[in-house]
Amino acid sequence: MRIFHNDTVDRLAKRLIPGVAVAGLAAWGIAYGGPELENVPGLIPRAEAVELENGESTSSGSAAGTLAALNAASQGGTSSDPFTDGTYKDGTYTGTARGFGGNITVKVTISGGKIASIDVVSAPAETPSYFARAKGVISQILSKQSPNVDTVSGATYSSNGIINAVKRALTQAAGGTSSGEDETSSVPANPTTPTEPAKPDDFTDGTYKDGAYTGTAEGFGGNITVKVTISGGQIKAIDVVSAKDETPSYFERAKAVIAQVIAKQTPNVDTVSGATYSSNGILNAVRRALTQASGQPEEPEQPDTPEQPEEPTTPQEPDENTETEDMVYSAEVSCVPDEFGDFDAYDMTVAVTVRQTTKTETQTATDADGNTKTVTKKTVTRALSNIAVTRPDAASENWRYITWALDGRGSAAGIKAQAIEKQSFGGLDVVSRATCSSKSIVEAGKMLDLALGTTVTEEEQ
């Protein structure tokens, strides 16, 4: 089936707001033998739903796409898949589309009018671990003989880039053309409905004092420090002074907020999707620098509540009947990636220290018959006192995650503190952003099957 399409109308529709474009296309379609649309306004929401379901956007300004969706809506069903209705011309075709980090180029081979193979030609800016997962869409496309398949959860941008690149290659195979560039909508936005005045932006209502100011805030891996230069009361430059614990590929994306801040003269801008923690760290660091530039004191950190001095105690003589011994147990576990697969599996050794305290008491008692007996009572207490991880050679780039898992991060308690408090490795919370490491440490503790608690035995002499 070939969907009604006219280039002149398509170009005209791109200059109209979506509602007018739909009405114009409906009238044109009726006049030239297109589908009859008796209730265009009622069909618009259905058309939008159909297009979104097929991975297209009603804001793209495509006359053919809108009319196809309206036609499908008028029939009470979904539009046919344009990538399975036509016959492809045998040959090899390439297509390029935007992925997560940059352009992705694929080569599609057509044989016997069918999609025979799909090969990735280049994807230099994609993160290898995520891209490996994203390539799962290739087998789906080959099986379905259509690029209209679902993206891969956890690698949405990369898999969507592959899908769009395949679509552009198939457009050529079907006899069409493809620019290989990301298409953008030329449809003007709908007029904004008047709303209540926005609250004043604290970072644009004041005047900054000229100079250079630094601010530090937490990013994804650790602290991010920026230098903000003020000239003529305006933000002129923002430079990253240090961000040693940030992942380079994500941090490069996160730095896109700097241009937004300078353009809007405020740090109250959106974070970067896919690099939320890092970009939010940059913005918070800028806010702290601007707070100084505005002459306002930074919000002081809440001081820790001073501990009450302990009552002086009389030193006690060491109990000759008590013995203490620290015993260390070790277990080796593999830390494997979760469904996001963003690191290579590695082995680590977890050492658990158990403090064993043994107290021995001897008592003499006389029974009713005047017989004397001596009873030795032994109390043994085994308590979890420490957990440590031996830094594995293969985990140098993951060491900070192991540290977070063990010692905690921010307000989240680490596995060590939780286990010592509960005296158990059961029912512990994993540490956010160190989930796999947390689970591995807990697994090691459970493997050791430590006998914790107190046991009492009595022996008559």
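Ile-230 stands opposite Ile-235 in β6. The model is predicted, so-called local features requiring pLDDT of at least 70 and side-chain atom pairs counting only at pLDDT 80 or more, while totals for chains, interfaces and linings use all residues. Residues are numbered from 1 along each chain as its sequence is written, and side-chain values use heavy atoms, without hydrogens and water.

Strand β5 (residues 223–231) is joined to β6 by 7 bridges, and the two run antiparallel. Strands here are DSSP runs of E with at least two residues, helices are runs of H or I with at least four, and both are numbered from the N terminus. Two strands pair if DSSP finds at least two bridges between them. The open sheet has 3 strands in the order β4-β5-β6, with antiparallel pairing. Its edge strands, β4 (211–218) and β6 (234–242), each pair on one side only. From one strand to the next, the twist averages 25°. Helix α11 (residues 276–293) packs on this sheet and touches β4, β5 and β6. Contact means heavy atoms within 4.5 Å. The direction of α11 makes about 140° with that of β4. Axes are lines fitted to C-alpha atoms, for helices over the stretch in contact, and angles run from 0 to 180 degrees between N-to-C directions.

A helix pair was examined next. The axes of α7 (residues 136–144) and α8 (residues 156–173) come within 9 Å and cross at roughly 35°. The crossing is right-handed, that is, the near helix is turned clockwise from the far one by less than a right angle. Val-137, Ile-138 and Ile-141 of α7 meet Ser-159, Ile-162, Ile-163 and Val-166 of α8. In α7, Val-137, Ile-138 and Ile-141 are buried (under 20% relative accessible area, 1.4 Å probe, protein chains only). These residues lie on the same side of α7 because they cover an arc of only 105° around the axis, taken from the directions from the helix axis to the C-beta atoms. The cover over the buried residues of α7 includes β3 (114–122), α6 (128–134) and α8. Gln-145 follows α7 and has a positive phi, near 60°.

Ser-437 lies in helix α14 (residues 435–448). Ser-437 is buried, at a relative accessible area of 3%. Beyond its neighbours within four places in sequence, Ser-437 contacts Cys-335, Tyr-346, Met-348, Tyr-401, Ile-402 and Ala-405. Ser-437 and Ser-334 are 103 residues apart in sequence, yet 9.4 Å apart in space, C-alpha to C-alpha.

Key: Buried < 20%, exposed > 50% of the residue type's maximum accessible area, 1.4 Å probe, protein only.
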